[in-house]
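Here are a few friendly notes to read alongside the model.

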Amino acid sequence: MKKKIEPYLFLAPHLLLFVLFILLPLCMTIYTSFTQWDMLSMPRFNGFDNYYKLLFDSESVFYADFRIAMWNTFRFVLISVPLLVIFPLGIATLLNYKPIGHGLLLSIFYIPGFFSVATVGLIWKWMLDPQLGTINKIFGLSFQWTTVQPFVWIAIIIMTLWWTIGANLIIFLAGIAGIPQELYESAEIDGAREGTKFWKITLPLLKPQMLYIVITTTIASFNLYGQPLVFSNGGPNKSSSTFAMFIQGYAFGKGTSVAGIASAMGILMGLMVMCVALVQLYTMRKSEKEEGK
């Protein structure tokens, strides 16, 4: 009996945290998405009415907001995810050759990840201020980074790259360090150039790290919230407002809370993230199997 119970005792702390902070909130969100609730009175069950307003009721303001949120979020994901894979991979490949100042360069890329999103947003908002910002002054520009599109999105993507590139860089560096040097030596004997070694050895053997980075970066990008909130407050005209911002605004913003709509939008966003992640996983696994044949 002791041997049967011991594993569950070791799992208990993690299981308790999982139930309290993931499973119960998820169940509560699913339930709330089928109700009309202002977070003050008792929830009133209304079936699929919240989902209908978001997906099909073209006269509802929630219908328009859902499409704005979906377009803004997917646009950010489609642009940021490739950049957050390509740039760290390229930098990791260069740093693997141990150039002068290797440790300093690695620190420069990694340290911004320790800053909070509020700090990052305020730093870049100050640097890109149209009148007083250092970027416009140094380069002689007159871009309205905080109020005019597409400059707002360009700024958000740049600050996201600067803030988050370090974590992916470390993972790629660890993956490259684990590749046997004998493979590169054999390729050199056969006369392979650096580009050939990268495409034929480095990239294929980094697929596990690539899969992990692509999926986690995609999930993180769908949850974009702090950067557009601090930098541009979701503007101009909601053009940089994302799913997370609308959900927070519906549930905890000004006026009467519409927590049911917020929960329904959260569930729909979660389903989108899950579908995209599964497609990515299936595609990369299928590619690996085809190469194995």
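1. A charge counts as sitting over a ring if NZ of Lys or CZ of Arg is within 6 Å of the ring centre and within 35 degrees of the ring normal. In this predicted model, Arg67 places its charged end over the ring of Tyr63, 3.7 Å from the ring centre.

2. Now to the aromatic pairs: the whole structure holds 16 of them. One is Phe74 with Phe222, an edge-to-face pair with 5.2 Å between centres and 90° between planes. Phe74 belongs to helix 3 (residues 61-95) and Phe222 to helix 10 (residues 207-222), so this pair ties together parts 148 residues apart in sequence. Phe74 is partly exposed, at a relative accessible area of 26%, whereas Phe222 is buried, at 0%.

3. The rings of Phe76 and Trp153 make a tilted pair, because their planes meet at 35°, with centres 6.0 Å apart. This pair also links distant parts of the chain, Phe76 being in helix 3 and Trp153 in helix 7, 77 residues apart. Phe76 is buried, with a relative accessible area of 2%, and Trp153 is buried too, with 6%.

4. Please look as well at Phe34, Phe48 and Tyr51, which ring pairs link into a cluster.

5. How do helix 4 and helix 7 cross, and at roughly what angle? The axes of helix 4 (residues 102-110) and helix 7 (residues 151-177) come within 7 Å and cross at roughly 135°, and the two helices are therefore oblique to each other. Helix 4 contributes Leu106, Phe109 and Tyr110 to the contact, while helix 7 contributes Ile165, Gly166, Ala167, Leu169, Ile170 and Leu173. Eight of these contact residues are nonpolar, one is polar and none is charged.

Technical notes
Residues numbered from 1 in each chain as written. Predicted model: local features only at pLDDT ≥ 70, side-chain atom pairs only at ≥ 80, totals over all residues. Heavy atoms only, no water. Axes fitted to C-alpha atoms, helices over the stretch in contact; angles between N-to-C directions. Helix = DSSP H or I, 4+ residues; strand = E, 2+ residues; numbered from the N terminus. Parallel < 35°, antiparallel > 145°, perpendicular 65-115°, else oblique. Contact = heavy atoms within 4.5 Å. Nonpolar A, V, L, I, M, F, W, Y, C, P; charged D, E, K, R; others polar. Phe/Tyr/Trp six-rings, centres within 6.5 Å; stacked < 30°, edge-to-face > 60°. Buried < 20%, exposed > 50% of the residue type's maximum accessible area, 1.4 Å probe, protein only.
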